[in-house]
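Let us walk through this fold step by step.

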Amino acid sequence: MADFCTISFPGSDFVPITLECHQSLSEHLTIQNSPVLFGCRTGICGTCLVEVIGDIPPPQHDEQEMLDTLAANHAHARLACQVDITSNIEIRRLEG
Ligand code: FES
């Protein structure tokens, strides 16, 4: 049986979304159901920069390089198109 992970968006009017864990946020979050915007969906444009609170795996090398450029001082910054959802998380959009 699949595990489910809930994505919530504190500070916005969007209601939480529950997905099977490990699903791609860039395939399931839209402009209608979340505050997150996507561009390239491959980790190179920075459009999907967000703050993530929750217990998920740390960034891989390429994502970390982008985060160092876009949000060097933000410990919880992530690229929404690159995260692996392994537990319930809170997402806030960051301005890139
Ligand atoms: S959508 Fe381009 S980095 Fe995530």
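Helices (H or I, at least four residues) and strands (E, at least two) are DSSP runs, numbered from the N terminus. This is a predicted model, in which local features need pLDDT of at least 70, side-chain atom pairs count only at pLDDT 80 or more, and totals for chains, interfaces and linings use all residues. Residues are numbered from 1 along each chain as its sequence is written, and side-chain values use heavy atoms, with hydrogens and water left out.

Start with a loop. Pro35 sits in the loop that runs between α1 (25-28) and β3. Its C-alpha atom is 8.7 Å from that of Asp13, although 22 residues separate the two along the chain. Contact here means heavy atoms within 4.5 Å. Neighbours within four places in sequence aside, Pro35 is in contact with Phe9, Ser12, Phe14 and Arg93.

Now the sheet. Two strands pair if DSSP finds at least two bridges between them. Strands of a sheet pair through backbone hydrogen bonds, either parallel or antiparallel. Here five strands form an open sheet in the order β2-β1-β5-β3-β4, and the pairing is mixed. β2 and β4 are the edge strands, each pairing on one side only. From one strand to the next, the twist averages 40 degrees. Axes are lines fitted to C-alpha atoms, for helices over the stretch in contact, and angles run from 0 to 180 degrees between N-to-C directions.

Take the pairs in turn. Four bridges link β1 and β2 in the antiparallel sense. Thr6 has Thr18 in β2 as its bridge partner. β1 and β5 pair in the parallel sense, over two bridges. Ile7 stands opposite Ile89 in β5. β3 and β4 run antiparallel and are joined by three bridges. Leu49 has Leu79 in β4 as its bridge partner.

A helix covers part of this sheet. α2 packs on the sheet and touches β3 and β4, and its direction makes about 130 degrees with that of β4. Which residues of α2 are buried? They are Glu63, Met66 and Leu67. Buried means under 20% relative accessible area, exposed over 50%, and partly exposed in between (1.4 Å probe, protein chains only). β3 and β4 are among what covers them. The face turned away from the buried side of α2 carries the exposed residues His61, Asp62 and Thr69.

Next, look inside. In soluble globular proteins, nonpolar side chains tend to be buried together. A nonpolar core is a set of buried Ala, Val, Leu, Ile, Met, Phe, Trp, Tyr and Cys residues joined through side-chain atoms within 4.5 Å. The largest one here has 27 residues, and Ile7, Leu25, Val36, Phe38 and Ile91 have the most contacts inside it. Two or more residues come from each of β1, β2 (17-20), β3 (49-54), α2 (61-70), β4 (77-79) and β5 (89-93). β3 gives the largest share, three residues.

Ile91 shows how these parts meet. Beyond four places in sequence, Ile91 touches Ile7, Ser8, Phe9, Pro10, Leu25, Val36, Val50, Glu51 and Val52.

Finish with Ser8, in strand β1 (residues 4-8). Is Ser8 buried or exposed? Ser8 counts as buried because its relative accessible area is 18%. Neighbours within four places in sequence aside, Ser8 is in contact with Pro16, Ile89, Glu90 and Ile91.
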